[in-house]
Amino acid sequence: MEFEQPATWSEALEIKAAHPEAMPIAGGTDVMVEMNLDHHRPAGIIDLTRIRELTEWGVDGGTLRIGAGVTYTRLIDELGDRLPGLAIASRTVGSPQIRNRGTVGGNLGTSSPAGDGLPPLYAAEAEIEIASTARSRRIPVAEFITGPKRNCLAPDELIAAFHVPPADGPEQFAKIGTRNAMVIAVCSLALAISPQRRSVTACIGSAGPTPIRATDAERFIAGVLDEHGLWESRAPISDAATTRFGEFVEMAARPIDDVRGTAAYRHHALRVLGRRTLTWAWQQYRGEAG
């Protein structure tokens with residue numbers, strides 16, 4: 001196995017162009033598991049851990065540009081106030097050791113529908129920045145991920161960063177697992193309330209071939225909030241409306257039976273998660289009025 005360890009971003013892109021079959025690695029929390037279990041053995045590895053640019057984040061035109069090598073721990077510590085949904089999801093990832101190494105960039109590269117960092121990116125309508133020696137481009141996350149463990153990266157491209165607007169309202173993330181920690185999600189749900197856009201966005205994880213936006217649920221609850229003037233009054237959402245929202249979330253899911261849970265259980269769990277995350281987030285929004 002060939003092993004490359006570039007020191008700069010331009011060097012990494014040149015190596016990827018010369019060796020398109022090589023596997024990029026940062027935290028290695030997914031890649032090393034696959035290799036240790038002998039599920040996958042790439043012809044070469046490009047170690048990206050020395051590239052400073054990938055570990056940086058900043059503001060770019062009103063959005064946050066977060067390098068693909070920023071770890072879950074740093075997302076929690078440094079960006080939890082600006083990206084609360086992603087921070088909540090990051091806290092559910094593995095153990096402290098995994099969070100110290102793992103990255104959302106790795107979730108994007110793996111493109112697993114069970115990646116905990118992905119539903120908050122969908123709910124925030126993030127864009128993914130990818131680059132090669134020839135060009136750099138930005139793609140909506142929903143277009144970047146094309147199927148289970150598949151994405152639109154060309155053989156010579158690497159993930160540079162993701163761009164996401166800071167939250168202007170409450171965000172939530174909830175996950176069902178077979179135990180409380182260090183577990184792959186049976187299903188998950190990210191939800192974001194945006195008073196500026198007067199919208200609620202929701203994305204399902206681990207219940208379809210890719211993360212799935214619950215667009216019918218979003219349209220339903222937007223209608224309820226507008227019709228009853230709840231954005232201005234910040235009055236409670238009725239139990240009937242939160243229950244119906246959960247039902248719309250459930251209907252958006254496309255789960256299967258697997259070793260972690262049945263499709264029927266995932267449908268039930270997502271109905272509950274829809275109702276709960278909307279209730280929690282709206283309670284936060286109402287609290288801001290005081």
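**Close-up 1. The loop of K149.** K149 sits in the loop between strand 8 (145–147) and strand 9 (150–151); helices (H or I, at least four residues) and strands (E, at least two) are DSSP runs, numbered from the N terminus. The model is predicted, with local features needing pLDDT of at least 70 and side-chain atom pairs counting only at pLDDT 80 or more, whereas totals for chains, interfaces and linings use all residues. Residues are numbered from 1 along each chain as its sequence is written, and side-chain values use heavy atoms, leaving out hydrogens and water. Although K149 is not a glycine, its phi is positive, at about 60 degrees. K149 counts as exposed, at 54% relative accessibility (exposed is over 50% relative accessible area, buried under 20%, partly exposed in between; 1.4 Å probe, protein chains only).

**Close-up 2. S112 and its contacts.** S112 is placed in the loop between helix 6 and helix 7. With 18% relative accessibility, S112 counts as buried. Neighbours within four places in sequence aside, S112 is in contact with N107, L118 and K149 (contact means heavy atoms within 4.5 Å).

**Close-up 3. The loop of S206.** S206 is found in the loop between strand 13 (199–205) and strand 14 (212–213). S206, a residue other than glycine, has a positive phi near 60 degrees. S206 has a relative accessible area of 7% and is buried.

**Close-up 4. The crossing of helix 3 and helix 4.** The axes of helix 3 and helix 4 (residues 84–91) come within 9 Å and cross at roughly 140 degrees (axes are lines fitted to C-alpha atoms, for helices over the stretch in contact, with angles from 0 to 180 degrees between N-to-C directions). Helix 3 is therefore oblique to helix 4 (angles under 35 degrees count as roughly parallel, over 145 as roughly antiparallel, 65 to 115 as roughly perpendicular and the rest as oblique). The contact involves Y72, L75 and I76 of helix 3 and L86, A87, S90 and R91 of helix 4. In helix 4, the residues G85, L86, A87, A89 and S90 are buried. Their cover includes helix 3, helix 5 (96–101), helix 6, helix 7, strand 10 and strand 11 (171–176).

**Close-up 5. The largest nonpolar core.** This core has 39 residues, of which W9, I66, L108 and F162 touch the most other members (a nonpolar core is a set of buried Ala, Val, Leu, Ile, Met, Phe, Trp, Tyr and Cys residues joined through side-chain atoms within 4.5 Å). Elements that each supply at least two residues include helix 1 (9–18), strand 5 (63–67), helix 3 (72–79), helix 6 (104–110) and strand 10 (158–164). Strand 10 gives the largest share of this core, five residues. Not counting residues up to four places away in sequence, W9 touches I51, E53, L54, A131, L158, I159 and A160. Another core, of 32 residues, lies apart from it, with F245, A269, L273 and W282 among them.

Close-up 6. C152 is in no disulfide, and its nearest cysteine sulfur, that of C203, is 16 Å away. C152 is partly exposed, at a relative accessible area of 24%. C187 is likewise in no disulfide, with the nearest cysteine sulfur, that of C203, 12 Å away. C187 is buried, its relative accessible area being 0%.

Technical notes:
A disulfide is a pair of cysteine sulfur atoms within 2.5 Å.
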